[in-house]
Amino acid sequence: MLNFRVKDAGPDVDYAKSAMETMGDRIRVLREARKLTQEQLGKLVGVSKSAVSQWEDGSTKNIKLVTFLALLEALRTDHEYLVYGAGRQASGRSKGVGRAL
């Protein structure tokens with residue numbers, strides 16, 4: 001039975017700011033590690049600063065293959081890290097995740 005006197009049942013967790021990492025987060029972290037602005041990364045990849053911003057904030061879900069390949073090259077990473085993150089790999093192979101290419 002529910003206790004209606006309990007306001008919140010559980011720890012105070014802001015799920016929007018939890019540790020869950022997105023592809024946009026990984027793009028931003030790699031871009032910043034390479035000391036690139038959104039505009040500079042956009043020029044390297046052939047898109048606008050706005051497009052890079054939209055990737056990073058998650059408002060764009062689909063990236064053209066040619067652009068995605070250029071993004072991998074510019075960020076010097078592999079597709080498994082960028083798409084799946086450090087904890088997961090599509091193929092299940094053990095290899096250096098997020099490694100520079």
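Here is a chat about the helices, core and loops of a predicted model.

Biologist: Hi! What should I know about the model before we start?

Modeller: This is a predicted model, where local features need pLDDT of at least 70 and side-chain atom pairs count only at pLDDT 80 or more, while totals for chains, interfaces and linings use all residues. Residues are numbered from 1 along each chain as its sequence is written, and side-chain values use heavy atoms, with hydrogens and water left out.

Biologist: Thanks. Which residues of H1 are buried?

Modeller: Gly24, Arg26, Ile27, Leu30 and Arg31 are the buried ones in H1. Buried means under 20% relative accessible area, exposed is over 50%, and partly exposed is in between, with a 1.4 Å probe and protein chains only. Helices are DSSP runs of H or I with at least four residues, numbered from the N terminus.

Biologist: Where do they sit around the helix?

Modeller: Looking down the axis of H1, its buried residues fall within an arc of 160 degrees, so they line one face. That arc is taken from the directions from the helix axis to the C-beta atoms.

Biologist: Why would residues a few places apart point the same way?

Modeller: An α-helix has 3.6 residues a turn, so residues three or four places apart point the same way.

Biologist: And what covers the buried residues of H1?

Modeller: The cover includes H2, H3, H4 and H5. Contact here means heavy atoms within 4.5 Å.

Biologist: Let's switch to the largest nonpolar core. Which members touch the most others?

Modeller: Of its 15 residues, those are Ile27, Leu41, Val45, Trp55, Leu71, Leu75 and Leu82. H1, H2, helix H3 (49-57), H4 and H5 each give at least two residues to this core, and the largest share, five residues, comes from H4. A nonpolar core is a set of buried Ala, Val, Leu, Ile, Met, Phe, Trp, Tyr and Cys residues joined through side-chain atoms within 4.5 Å.

Biologist: What does Leu75 touch?

Modeller: Leaving out residues up to four places away in sequence, Leu75 touches Ile27, Leu30, Arg31, Arg34, Leu41 and Leu82.

Biologist: How about Thr67, is that buried or exposed?

Modeller: Thr67, in helix H4, is buried, with a relative accessible area of 15%. Beyond residues up to four places away in sequence, Thr67 touches Val45, Val47 and Trp55.

Biologist: Now the loops. Where is Lys35?

Modeller: Lys35 lies in the loop between helix H1 (23-33) and helix H2 (38-45). Its phi is near 60 degrees, a positive value in a residue other than glycine. Lys35 counts as exposed because its relative accessibility is 72%.

Biologist: And Arg76, where does that lie?

Modeller: Arg76 is in the loop between helix H4 (65-75) and helix H5 (79-84). Arg76 has a positive phi of about 55 degrees although it is not a glycine, and at 43% relative accessibility Arg76 counts as partly exposed.
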